Amino acid sequence: MNKNPVASFLLPDEFRRPPLVRMLHEGRLVGEASRHAVRGLSGARTRTPYAGSAPVRDADPVLLVPGFMAGDYTLAGLSRQLRREGHRTYRAGIPVANMGCTLDTAEMIESRLEAIVARREQRVQIVGHSLGGMLARGIAARRPDLVSGIVTMGSPVLAPGAHHRSLTMFVLGLVAMSKVGVSGVMNETCVGGECALESFQESQVPLPSDVSFTAIYSRNDGIVDWRACLDPAATHVEVRASHIGMAVDPRVSDEVLSALRTHREGAAAAASSLRVATA
């Protein structure tokens, strides 16, 4: 079996795989998850039981997309925090693990967005972790009528192949499973063929001016080259979390909330200016 199934165009020369020592930073996950648990308990104690204490849900609807080999459950804590701040959050529909063909997954998420927009009668903001952010980037470029803004967390949009070699082993395993007939997993074309090329090219398409984009990254990322997360189309926000920890660290959730608010305020200001100009 090919020991490097990832296509060369996914790993441009200016990027590199994180060294082994970087992987040690992922040990921060325990502390980051603990921080989330502590904040959850604190929030439960301070929450008042009186009617009317719940936030008014007038903020943008938000679709949460998990990373590679992760499911919707990994973003449950982030979802709760966003809901406390008035957002209506929606799962991507990936209950177990995000490990299928990226084009198929993007199509499923697009259908999910269409249903949310039809129900809420407004565009949706997408928050994606790692691979989830790359999917969000491509969908936003293709369907700006559905997406008002995206927030990526540790998403190597510029070089999806700039990941630790341990991830390559997972990819090799999925390709092997597909070859023996297992459905619903990535195959060779998904990571090194036409499917991979189409997904990558889609994620490089310029975004319309009315689609906001914030890219959250960490120099402590032990899974991907943090430089690959710095899409020039985005506003960059640095955090100190590990790659996996971005999904659970409440300090990262704070940055996500701030980005979502900024996106909405920017959209409101643009709409106001347009009304004045056309009056």
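Mentor: First, a term: buried means under 20% relative accessible area, exposed over 50%, and partly exposed in between, with a 1.4 Å probe and protein chains only. Also, this is a predicted model: local features need pLDDT of at least 70, side-chain atom pairs count only at pLDDT 80 or more, and totals for chains, interfaces and linings use all residues. Residues are numbered from 1 along each chain as its sequence is written, and side-chain values use heavy atoms, leaving out hydrogens and water.

Trainee: OK. Is cysteine 195 buried or exposed?
Mentor: Buried, because its relative accessible area is 10%. Cysteine 101 counts as buried too, at 15% relative accessibility.

Trainee: New topic. What helices and strands does the chain have?
Mentor: Nine helices and six strands. Both are DSSP runs, numbered from the N terminus: helices are H or I with at least four residues, strands are E with at least two.

Trainee: And how much of the chain is buried?
Mentor: Of its 279 residues, 49% count as buried. The chain exposes about 13,600 Å², and carbon and sulfur atoms supply 56% of that. Those areas come from the Shrake-Rupley method with a 1.4 Å probe; for residues, only the protein chains shown count as cover.

Trainee: Now arginine 17. Where does it lie?
Mentor: In the segment before α1 (20-23).

Trainee: What is the nearest side chain of opposite charge?
Mentor: Aspartate 225, 10 Å away. Arginine 17 is buried yet has no salt bridge. That would take a side-chain nitrogen of Lys or Arg within 4 Å of a carboxyl oxygen of Asp or Glu. For charge, Lys and Arg count as positive, Asp and Glu as negative; His and the chain ends are not counted.

Trainee: So what does the side chain of arginine 17 join up with?
Mentor: One partner is the side chain of threonine 168, through a polar contact of 2.8 Å. Also, a polar atom of the arginine 17 side chain lies 3.0 Å from the backbone oxygen of histidine 163. A polar contact is a pair of N or O atoms within 3.5 Å; within protein, one must be able to donate a hydrogen and the other to accept it, and residues adjacent in sequence count only if both atoms are side-chain atoms.

Trainee: Next, serine 242. What place does it have?
Mentor: The loop between β6 (235-239) and α9 (250-278). Serine 242 is buried, with a relative accessible area of 0%.

Trainee: Which residues does serine 242 touch?
Mentor: Leaving out residues up to four places away in sequence, His25, Glu26, Arg28, Leu29, Glu32 and Asn220. Contact means heavy atoms within 4.5 Å. The serine 242 side chain also reaches the backbone nitrogen of glycine 245 at 2.9 Å.

Trainee: Last one. What is phi for glutamate 121?
Mentor: Near 55 degrees, a positive value in a residue other than glycine. Most residues other than glycine have a negative phi. Glutamate 121 sits in the loop between α4 (102-120) and β3 (124-129), and counts as exposed at 72% relative accessibility.
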